[in-house]
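Q: Can we go through this model together? Start with the core, please.

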Amino acid sequence: MAWFLLFLAGLFEIGWAVGLKYTEGFTRPIPTGLTVISMVVSLVLLGLAVKTLPMGTAYAVWTGIGTVGTVLLGIWLLGDPATVVRLFCIGLIVAGIAGLKLVA
């Protein structure tokens, strides 16, 4: 269950990271509200996950999920570049997340 909560926390991290772009400096109320809600939910779920998972592992997986998801959505939604090197680095992050999951 802790891994599931951690996965959800990572998804909400993606939500607030991408949401920041749409707040336009916190001047748009609805995107700002959704971003803040995503931040709170993400941290609460992370806090629940670290009750049973090692802190370092949970934090690395949480940020890894957030990083990979944010980069991929940036490519898909915002036109960020999808270079071979960038995609390779995403692969390295995914490998690191999988490795941490295997040894935890």
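A: This is a predicted model, where local features need pLDDT of at least 70 and side-chain atom pairs count only at pLDDT 80 or more, while totals for chains, interfaces and linings use all residues. Residues are numbered from 1 along each chain as its sequence is written, and side-chain values use heavy atoms, leaving out hydrogens and water. The largest nonpolar core has 15 residues, of which Leu-6, Leu-46 and Leu-53 touch the most other members. A nonpolar core is a set of buried Ala, Val, Leu, Ile, Met, Phe, Trp, Tyr and Cys residues joined through side-chain atoms within 4.5 Å; buried means under 20% relative accessible area, with a 1.4 Å probe and protein chains only.

Q: Which elements give two or more residues to this core?
A: H1, H2 and H3 do. H1 gives the most, six residues. Helices are DSSP runs of H or I, at least four residues, numbered from the N terminus.

Q: What does Leu-6 touch, beyond four places away in sequence?
A: Leu-46, Ala-49, Leu-53, Ala-58, Val-61, Trp-62 and Ile-65. Contact means heavy atoms within 4.5 Å.

Q: Switching to Thr-35: buried or exposed?
A: Thr-35 counts as buried because its relative accessibility is 2%. Thr-35 sits in helix H2, residues 29-49.

Q: Which backbone oxygen lies 3.3 Å from a polar atom of its side chain?
A: That of Gly-19.

Q: And H3, what do its buried residues pack against?
A: Helix H1 (2-23), H2 and helix H4 (84-103). The buried residues of H3 include Thr-57, Trp-62 and Gly-74.

Terms used:
Buried means under 20% relative accessible area, exposed over 50%, partly exposed in between (1.4 Å probe, protein chains only). A polar contact is a pair of N or O atoms within 3.5 Å; within protein, one must be able to donate a hydrogen and the other to accept it, and residues adjacent in sequence count only if both atoms are side-chain atoms.
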